[in-house]
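Dear colleague,

Please find below the structure that I am handing over to you.

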Amino acid sequence: MTDESYIKLTLEIAKKGKGNVSPNPLVGAVLVKDDKIIGAGYHKNFGGNHAEIEAIKNSKQEVEGSTLYVNLEPCCHHGKTPPCVDAIIEKKIKKVVIGTLDMNPLVSGKGIKHLKQAGIDVKVGFLEKECIELNKFFFKYITRKIPYVTIKIAQTLDGMIADLSGNSKWITSLPSRKMVHSLRSEYDAVLVGANTVKIDDPDLTVRFVEGRNPQRIVLDAGLKLSDDFKLFKNTGDGNLYLVTSTCSIEKKKKINKLLNSGVKILYVKENKDKTLDLVELLKALAENNIASVLVEGGRKIFTSFIKQDLYDDIYLFQSPKYIGNGFSVVDDIGVNSIKQAIKLKVSSAEKIGDDVLTILTK
């Protein structure tokens, strides 16, 4: 096998940690000796052993003189666990092949420097594009201190996300909805506005596939939602965030009731148009170790994120249906002519059930 083949294997192994390691990165490691794999491992959960340590622990024989393959530069600082470079040096691993540098300022290039100073042969830059893509959530979170944001839209052929009564169940097919649940399990949080809660009364959980439930974020600037909705009846896991503006005397009683039920309250300032400041919100979410957010609606929320350019990509599920009259995806985003149109790139397109999923990037 080539170096690229082993790095590809580390990427596949690393994916096993999806949904469990955030805000840490997804990392897989493989140990090779005499052209045979003697050990492999991945970062299983936040606070647990890193992939390199797991590979060493799982090795079938002595690792001295072996080659370590890893998709991300080994850490050289003390965090939840000791530095991986120390273990690599201590175990006398001969060579380390790395997919890409770690963008974390605490690590970037320093891990490689430590290994080289110890006399270890280091090679870096294999399947780098794929390695960066796998950890796009982590890289944005660690460098910009805000989460990676994906907007998820389900629409008809004529661009409607609901009929005139606000009903959107169901625009897309069951396979598409299953995929959305799979996405939820991979993101740290899903986010909706108060209107979506009023109209759809969603659970925002993972039900159609196996996977962990994301944290749920509801934007309710005026704190007008009642506690009769499903989201407020299932707060035992402590994963519901309600985002509102500065607490007033009128709101205090209601907020105390929500806090006592297990709801987390985030206070964000209001803009002049009475919407919540999304930049301040994203910073607050990052401070709560939320590295990725799936924005699921509705139109006001889509409009705000797109107008303020606060998203990274869009997952557009399009159903082969026409409504004619209904609610479109966005409202006024400040575009007055076709020349001013916000142009995106088609990253991929595929058929999901009866629908077409297009992934769009900036």
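In what follows, Ala, Val, Leu, Ile, Met, Phe, Trp, Tyr, Cys and Pro count as nonpolar, Asp, Glu, Lys and Arg as charged, and the others, Gly among them, as polar. This is a predicted model, in which local features need pLDDT of at least 70 and side-chain atom pairs count only at pLDDT 80 or more, while totals for chains, interfaces and linings use all residues. Residues are numbered from 1 along each chain as its sequence is written, and side-chain values use heavy atoms, with hydrogens and water left out.

I begin with a pocket (on a 1 Å grid over the protein atoms alone, an open set of points where a 1.4 Å probe fits, with protein on both sides within 12 Å along at least five of seven lines; lining residues have an atom within 4 Å of a point). The second largest pocket has a volume of about 1,000 Å³, where volume is the space filled by probe spheres set on the points, and points are joined across faces, edges and corners. Its lining has 41 residues, and those closest to the centre are Lys18, Glu133, Leu134, Lys136 and Tyr315. The lining divides into 18 nonpolar, ten polar and 13 charged residues. Helices (H or I, at least four residues) and strands (E, at least two) are DSSP runs numbered from the N terminus. Of these elements, α5 gives the most to the lining of this pocket, with five residues.

Asn135 is found in the loop between α5 and α6. Is Asn135 buried or exposed? Asn135 counts as buried because its relative accessibility is 3%; buried means under 20% relative accessible area, exposed over 50%, and partly exposed in between (1.4 Å probe, protein chains only). A polar atom of the Asn135 side chain lies 2.6 Å from the backbone nitrogen of Leu26. Leaving aside neighbours within four places in sequence, Asn135 is in contact (heavy atoms within 4.5 Å) with Pro25, Leu26 and Asn71.

Next come the nonpolar cores, each a set of buried Ala, Val, Leu, Ile, Met, Phe, Trp, Tyr and Cys residues joined through side-chain atoms within 4.5 Å. The largest nonpolar core has 33 residues, and among those with the most contacts inside it are Leu191, Leu281 and Phe305. The element that gives the most to this core is α11, with five residues. Another core, of 28 residues, lies apart from it and includes Tyr148, Val218, Ile265 and Leu357.

In α11, the buried residues are Leu278, Leu281, Leu282, Ala284, Leu285 and Ala286. Just after α11, Asn289 takes a positive phi of about 65 degrees. In α12 (residues 299-307), Ile301, Phe302, Thr303, Ser304, Phe305 and Ile306 are buried. These buried residues of α12 pack against several elements, including β6, β8 and α11. Asp309, which follows α12, has a positive phi near 55 degrees.

Finally, two loop residues. Thr156 lies in the loop between β6 and β7 and counts as buried, because its relative accessibility is 1%. The Thr156 side chain makes a polar contact with the side chain of Asp158 (2.5 Å); such a contact is a pair of N or O atoms within 3.5 Å, where, within protein, one must be able to donate a hydrogen and the other to accept it, and residues adjacent in sequence count only if both atoms are side-chain atoms. Lys272, in the loop between β11 and α11, counts as exposed because its relative accessibility is 88%.

Yours sincerely
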